[in-house]
Amino acid sequence: MQNRFVALLLLCGFWGYGQNSYKIFYEKYSNGITIEEENPIAVWANEQKSIMTTKATLEGKKQYPQELIIYQKHDSILHYMTYLSQDSIISTKKNIAFRASNFKKTSKTKRILGIKAKHAEININSNKIDLWYVDNMKIEAAPNGIGLPLGFVLEYERNNNYSIRVAKIEEEKNSNSVPVLAENLEEYYLDPLDYSNLIWKSKFTSIPIFDHQKIHFDPSSTSDTKILRFANGTVAVKKISFPEITENQQIFLEANQHSNGDAYDRTGSIFLIPTQHSPNFLEGMQKGVNTLPFYSTGDGKKYQGVVRKDQYEPIVELMRFFTPFGIQKFNHIELKDRTWLRQADYRQDISELRTLLSNQTVYIGVFIGNYDQGGHMIDAEITIHHGLKKLFPSSKVIPLFNTLNVMEMGGQEYGSMFADSKGLVVEFELKEELKNAQLRYLTSGHGGWENGDEFLPKPNHIKLDDKEIFNLIPWRTECGSYRNANPASGNFENGLSSSDYSRSNWCPGTVTNPYYIPIGNLKAGKHTLQIKIPQGGVEGNSFSFWSVSGVLIGE
């Protein structure tokens, strides 16, 4: 069955007129090595027009999005037409960016497929572009539109290390089957920016998580059919279903936040709640955090739900973020030469957690610690993309610990167990060997002022079965880079703002990235993980604490 695009265009006539036409197929190269593609670039051309598309489209296969770029010889317009699906068409048009006079022609020549090609060059966006072309074949064709006015582009080369080169040319004599641009293309016309945006969004799967979600302190807050609310409104949880996600796909979590009344920098977390077994953290939020398994130290405190124990699994942080000081809500505060941002944007690759999401229906929560009636507003979504290669072994994900007290406003203890000489000790058992294991470790220090761990570099030591696997001081020194996101940040006599100060692995307005700690093959059986941090002492009503979380990933 013919491709619907071809069928639609044939209704409007033919463009062969007894002329010869050509099917031209291109290959891509990186540093001289062929880039294997399932659907390479293809062009259909005759003396009057050319259509830039893909091999699958020329063969009538249905692969979406399916874009065709139509060029009429000696015209200055490129007409774009794309099938987003079988029944969804969009189109636009753009001026050709570079005319023949923009290219510098040289005396260089070389043979490509036995054809003697001429040379021209141009600089585009700081890239050196070399084109190898012929101007005696009566067609104007190119793999990407650049160089069309020169004639037939056999090779496009960028910075001497990437090229698109013709691989095969098929001549069709007296063909009357090449389609013409549909007369009703204007019916589907969009502004070029709107067109490009829809093309971009069609290339990945987007899964909304939270939409303008309010996170604030309100003892009267209640759940509804879509959103579960806990900890006096500072935690929102939603049930989300995911499609199958393959190993060659990448997963990104994106969120944006602004103040709705709270002027301070706050800890935020977007997390997944394992619910395969009981007890679990969702039950703890519903029944009260004191129903969760305890972790105890010599200080007499009981830390609720922070470590793996028997069937219980702690929550898994997808992203830890920190709100700026009062972004958007407090943008009325004026400083000379400052233009405040209107939202904080966070985006993070979470592909290593794929197996927790693929073909699963899960509970995902968001927490922003605050005691403000207005609080914060947040949007979040997960996008799934075709990736380049598998970066981390992630066929298994095993949650081990999470001391970030997302139920802070529901009575969950701060992670101050590091005041004990043992720190945090997690005992776990593997039913089978975990190959190529890594610990995905998130850490940030908090509390106090001048002598608090938020503002003092503190080493994190991690041992696995009494063998040290990590020893690092987590520290961020670039916090001043985000000053334009912090309108309500306090200004001090020394000329600095509070948001400028270096911190223990976080800044107001940023994501805290995980550390990936290689372990190697981890045998089946019992294991012990120990995390030690020289936590500072209590000073008056001020104290220090650490939010650390970790999962094992491996095969």
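The legends below describe close-up views of a predicted model.

View 1. Ser444 is part of strand S26, which covers residues 434-447. Is this serine buried or exposed? Ser444 counts as buried because its relative accessibility is 0%, and the cut-off for buried is under 20%. Its side chain makes a polar contact, at 2.8 Å, with the side chain of His446. Setting aside neighbours within four places in sequence, Ser444 is in contact with Arg320, Phe322, Ser504, Asn505, Trp506, Phe545, Trp546 and Ser547.

**View 2. The largest nonpolar core.** This core has 39 residues. Within the core, the residues with the most contacts are Ile24, Tyr26, Leu78, Leu131 and Phe152. Which strand gives the most to this core? Strand S10, residues 127-134, does, with 5 residues. Ile24 can be followed in detail: when residues up to four places away in sequence are not counted, Ile24 touches Ile41, Ala42, Val43, Ala45, Ile139, Ala141, Phe152, Val166, Lys168 and Ile169.

**View 3. The aromatic pair of Phe217 and Tyr371.** The structure holds 15 aromatic pairs. In the pair of Phe217 and Tyr371, the ring centres are 5.1 Å apart and the planes stand at 50°, so the pair is tilted. Phe217 is in the loop between strand S13 (205-215) and strand S14 (228-230). Tyr371 is in the loop between strand S22 (361-368) and strand S23 (376-386). These two places are 154 residues apart in sequence, so the pair ties together separate parts of the chain. Tyr371 counts as exposed because its relative accessibility is 52%, and the cut-off for exposed is over 50%.

**View 4. The aromatic pair of Phe401 and Tyr441.** This pair is also tilted, with 6.3 Å from centre to centre and 55° between the planes. Where in the chain do Phe401 and Tyr441 lie? Phe401 lies in strand S24 (residues 396-402) and Tyr441 in strand S26. The two residues are 40 residues apart, and their pair links distant parts of the chain. Both Phe401 and Tyr441 are buried. Ring pairs join Phe401 and Tyr441 with Phe470 and Tyr515 in a cluster.

**View 5. Two lysines over aromatic rings.** The charged end of Lys94 sits over the ring of Tyr80, at 4.9 Å from the ring centre. The charged end of Lys302 sits over the ring of Phe294, and here the distance to the ring centre is 5.1 Å.

**View 6. An open sheet of 6 strands.** The strands follow the order S14-S15-S22-S17-S20-S29, and their pairing is antiparallel. Which strands stand at the edges? S14 and strand S29 (511-512) do. Each edge strand has a single partner strand, so one side of each is left without a neighbour in the sheet. Strand S20 (residues 316-322) is joined to S29 by 2 bridges, and the two strands run antiparallel. Arg320 has Thr512, in S29, as its bridge partner. Arg320 is also one of the residues in contact with Ser444.

**View 7. Two cis peptide bonds.** Most peptide bonds are trans. The bond from Tyr64 to Pro65, however, is cis, with omega near 0°. Pro65 is placed in the loop between helix H2 (55-58) and strand S5 (66-72). Another cis peptide bond joins Ser278 and Pro279, with omega about 5°. Pro279 is found in the loop between strand S17 (267-273) and helix H4 (281-287).

**View 8. Two residues with a positive phi.** Most residues other than glycine have a negative phi. Asn359 is not a glycine, yet its phi is positive, at about 55°. Asn359 lies in the loop between helix H5 (354-357) and S22. With a relative accessible area of 54%, Asn359 is exposed. Asp466 also has a positive phi, near 70°. Asp466 is placed in the loop between strand S27 (460-464) and strand S28 (467-472). Is Asp466 buried or exposed? Its relative accessible area is 70%, so Asp466 is exposed.

Terms used
Residues are numbered from 1 along each chain as its sequence is written. This is a predicted model: local features need pLDDT of at least 70, side-chain atom pairs count only at pLDDT 80 or more; totals for chains, interfaces and linings use all residues. Side-chain values use heavy atoms; hydrogens and water are left out. Helices (H or I, at least four residues) and strands (E, at least two) are DSSP runs, numbered from the N terminus. Buried means under 20% relative accessible area, exposed over 50%, partly exposed in between (1.4 Å probe, protein chains only). A polar contact is a pair of N or O atoms within 3.5 Å; within protein, one must be able to donate a hydrogen and the other to accept it, and residues adjacent in sequence count only if both atoms are side-chain atoms. Contact means heavy atoms within 4.5 Å. A nonpolar core is a set of buried Ala, Val, Leu, Ile, Met, Phe, Trp, Tyr and Cys residues joined through side-chain atoms within 4.5 Å. Rings of Phe, Tyr and Trp (its six-membered ring) pair if their centres lie within 6.5 Å; planes under 30 degrees apart count as stacked, over 60 as edge-to-face and the rest as tilted. A charge sits over a ring if NZ of Lys or CZ of Arg is within 6 Å of the ring centre and within 35 degrees of the ring normal. Two strands pair if DSSP finds at least two bridges between them.
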